[in-house]
Amino acid sequence: MESTHELIIFYKYTPVADPKGFMEWQRRTCTELGILGRIIVAHEGINGTVEGTPEAIAEYARRMHEQNGVQGTYGDFADVWFKSSPGTGTSFVKLVVKLRKEIVTTGLAQEEMVNPNQTTGTHITPNELKQWIERGEKFEIIDMRNDYEYAVGHFAGSHNSLMENYRDLSKVVPQFESLKDKKVLTVCTYGVRCETASGYLKQNGFKDVYQLEGGIGSYMKQYPGQDFLGSLYVFDARMTERFTDKYEVVGQCVNCGGKSERFGNCAWNECHKQIIICDTCAPLSKSIWCQEACKKERP
Ligand SMILES: [Zn+2]
Ligand SMILES: [Zn+2]
């Protein structure tokens, strides 16, 4: 099926020479090519999700790859990897390019901040992870995604970090104290959160830390229906991505406990946390809360 649009997700941690200039370059380039979406630029790299026609995306990728770190370019983006999927042309209504301190906000205090260009876990490919699993290697997987992402799908036997938001990173790490001397692998959707999460673990005394390159999405694409239970939560209108029809739904409705992958929100407006509410319970969603506390705080 030919798609009229293409959606790309990309990131790279690499020193950026002139972050403000690079931000303006991104803005000019995307505007000229009619590309919409969201791009964060920082001194430490770039992170973006954008959509455009396949021609526009190809041209954008070409220009990005020309930024190869030699004098006169903003940094070394010659090998930046674009995770592509068919677009709808309606994923974004505008272009937002921002200059920030970090390309993924960790919520860490200045003195605790992780620079993945200096400190990060060792990258392993999906193929290497498959080998670890097959030869029965001893290691622990810490899922660095939010709890609602974990709820619809996760690696068998992995630890749920119970994050509500990635800004909770420093709050959730202490619960894994007992894994400090073990071999630990962090995972997230496409790898970007693991760059800082695995670096943060190392900074906090975890001795043997790895991260899954390309994230869960890359693993599922290569090994559909294997080792990962359920489906992959994605941050766009699709909500979840499946790589095969042969999988078991692991998501559970917060109201009735039935198997479901349908997302709704906590009924308390100020919480609005994403929770799984099945089709049967959907009509009751105005009185379904993520936790008792939200029910009490309802105005
Ligand atoms: Zn239900
Ligand atoms: Zn709530």
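1. The four donor atoms around the zinc ion (ligand 1) subtend angles of 102 to 113°, which makes the arrangement tetrahedral. The model is a predicted one, and the geometry given here is that of the predicted coordinates. The donors are the SG atoms of Cys-253, Cys-256, Cys-278 and Cys-281, at 2.3 Å from the zinc ion (ligand 1).

2. Along the chain, the donors of the zinc ion (ligand 1) follow the spacing C-x2-C-x21-C-x2-C. Cys-256 belongs to the loop between β14 (240-241) and β15, and Cys-281 to the loop between β16 and α8, so this pair ties together parts that are 25 residues apart in sequence. Cys-281 has 7% relative accessibility and therefore counts as buried, the cut-off being under 20%.

3. The zinc ion (ligand 2) is coordinated by the SG atoms of Cys-266, Cys-271, Cys-290 and Cys-294, at 2.2 to 2.4 Å. The angles among its 4 donor atoms span 104 to 118°, and the site is tetrahedral.

4. Cys-271 is located in the loop between β15 (263-265) and β16 (274-276), while Cys-290 is in the loop between β16 and α8 (292-296), so the pair ties together parts 19 residues apart in sequence. Cys-271, at 25% relative accessibility, counts as partly exposed; Cys-290, at 22%, also counts as partly exposed.

5. A further point concerns the sheet. Five strands form an open sheet in the order β6-β11-β10-β7-β9, with parallel pairing. The edge strands, each pairing on one side only, are β6 (122-124) and β9.

6. Within this sheet, β7 (residues 140-143) and β10 (residues 183-187) pair in the parallel sense over 4 bridges. β7 also pairs with β9 (residues 159-160), in the parallel sense and over 2 bridges. Asp-143 stands opposite Val-187 in β10 and opposite Asn-160 in β9.

7. β10 is joined to β11 (residues 208-212) by parallel pairing over 4 bridges. Here the bridge partner of Leu-185 is Tyr-210 in β11.

8. Which strands does helix α3 lie across? Helix α3 (residues 126-134) lies across β6, β10 and β11, and runs at about 85° to β6.

Notes. Residues are numbered from 1 along each chain as its sequence is written. Chains are lettered from A and ligands numbered from 1 in the order in which they are written. This is a predicted model: local features need pLDDT of at least 70, side-chain atom pairs count only at pLDDT 80 or more; totals for chains, interfaces and linings use all residues. Side-chain values use heavy atoms; hydrogens and water are left out. Donors are N, O and S atoms within 2.8 Å of the metal (3.2 Å for Na, K and Ca); water is not among the atoms, so sites may look incomplete. Four donors count as tetrahedral if all angles lie between 85 and 135 degrees; four count as square planar and six as octahedral if opposite donors are over 155 degrees apart and all others between 65 and 115; anything else is irregular. Buried means under 20% relative accessible area, exposed over 50%, partly exposed in between (1.4 Å probe, protein chains only). Two strands pair if DSSP finds at least two bridges between them. Contact means heavy atoms within 4.5 Å. Axes are lines fitted to C-alpha atoms, for helices over the stretch in contact, and angles run from 0 to 180 degrees between N-to-C directions.
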